Amino acid sequence: MKTTHSRTARRRGMQLRSSGGASLHEIAYQQAHGCCFYCGTKIDRPRMTLDHMTPLNRGGIHTLENVVMSCRACNSAKDRMTLLEYRIACGGQQFPGEALT
C-alpha cells in the first residue's frame, strides 16, 4: 500500500512539472536559499538532495510540507530517522533551516 502511495506522489510530481509548474525540488531549493536544512552549509543546487522529514517508509508523504533540502552528508546521516529522531541524535539542537520555516 505504501508503495502505491509513493508511486502516486511521484506521478503527481511529474504531472506538475509537465504542466509547466516548478518541481518540488526547485521550490524547496528556493525556500532553503541554497542552504542545507540540517547544517546550514551553502551548497550549489546539483549537490543538494531532497530529504523527507518524515521518511516515506515511515508514513511521510511527498509534499512540500514534508521535504527540505539537505547536503548529502546530512541526508545520509539522517538516513531513515524522522526529524525529531534526528534532532535527538544530534543533541537536541535546533537546525538552521528551522529558522526559515
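**Labels and their cut-offs**

Reply: The structure holds five aromatic pairs. Rings of Phe, Tyr and Trp (its six-membered ring) pair if their centres lie within 6.5 Å; planes under 30 degrees apart count as stacked, over 60 as edge-to-face and the rest as tilted. This is a predicted model: local features need pLDDT of at least 70, side-chain atom pairs count only at pLDDT 80 or more, while totals for chains, interfaces and linings use all residues. Residues are numbered from 1 along each chain as its sequence is written, and side-chain values use heavy atoms, with hydrogens and water left out.

Me: What makes F37 and Y38 an edge-to-face pair?

Reply: The centres are 5.1 Å apart and the planes stand at 80 degrees. The distance is within 6.5 Å and the angle is over 60, so the pair is edge-to-face.

Me: Why is the pair F37 and F95 called tilted?

Reply: Its ring centres are 6.4 Å apart and its planes meet at 40 degrees. F37 lies in the loop between α2 and β1 (48-52), and F95 in the segment after α4, so the pair ties together parts 58 residues apart in sequence. Helices (H or I, at least four residues) and strands (E, at least two) are DSSP runs, numbered from the N terminus. F37, Y38, Y86 and F95 form one aromatic cluster.

Me: How do you know whether F37 and Y38 are buried or exposed?

Reply: Buried means under 20% relative accessible area, exposed over 50%, partly exposed in between (1.4 Å probe, protein chains only). F37 has 7% and Y38 has 3%. Both values are under 20%, so both residues are buried.

Me: What makes E26 and R45 a salt bridge?

Reply: A salt bridge is a side-chain nitrogen of Lys or Arg within 4 Å of a carboxyl oxygen of Asp or Glu. Here N to O is 3.7 Å, so the pair qualifies. E26 lies in helix α2 and R45 in the loop between α2 and β1, so the pair ties together parts 19 residues apart in sequence. E26 is partly exposed at 30%, and R45 is partly exposed at 34%.

Me: Why does K78 with D51 count as a salt bridge, and where do the two lie?

Reply: The closest N and O atoms are 3.3 Å apart, which is within 4 Å, so the label holds. K78 is in helix α3 (residues 72-78) and D51 in strand β1, 27 residues apart. K78 is buried at 0%, and D51 is buried at 4%.

Me: What about R87 and E98?

Reply: Their closest N and O atoms are 2.1 Å apart, so this pair also meets the 4 Å limit. R87 lies in helix α4 and E98 in the segment after α4, so the pair ties together parts eleven residues apart in sequence. R87 is buried, and so is E98. In total, the structure holds five salt bridges.

Me: How do you know how many disulfides there are?

Reply: A disulfide is a pair of cysteine sulfur atoms within 2.5 Å, and a search of the whole structure finds zero. For C35, the nearest cysteine sulfur, that of C36, is 8.6 Å away, so C35 is in no disulfide. For C90, the nearest is that of C74, 7.6 Å away, so C90 is in none either.
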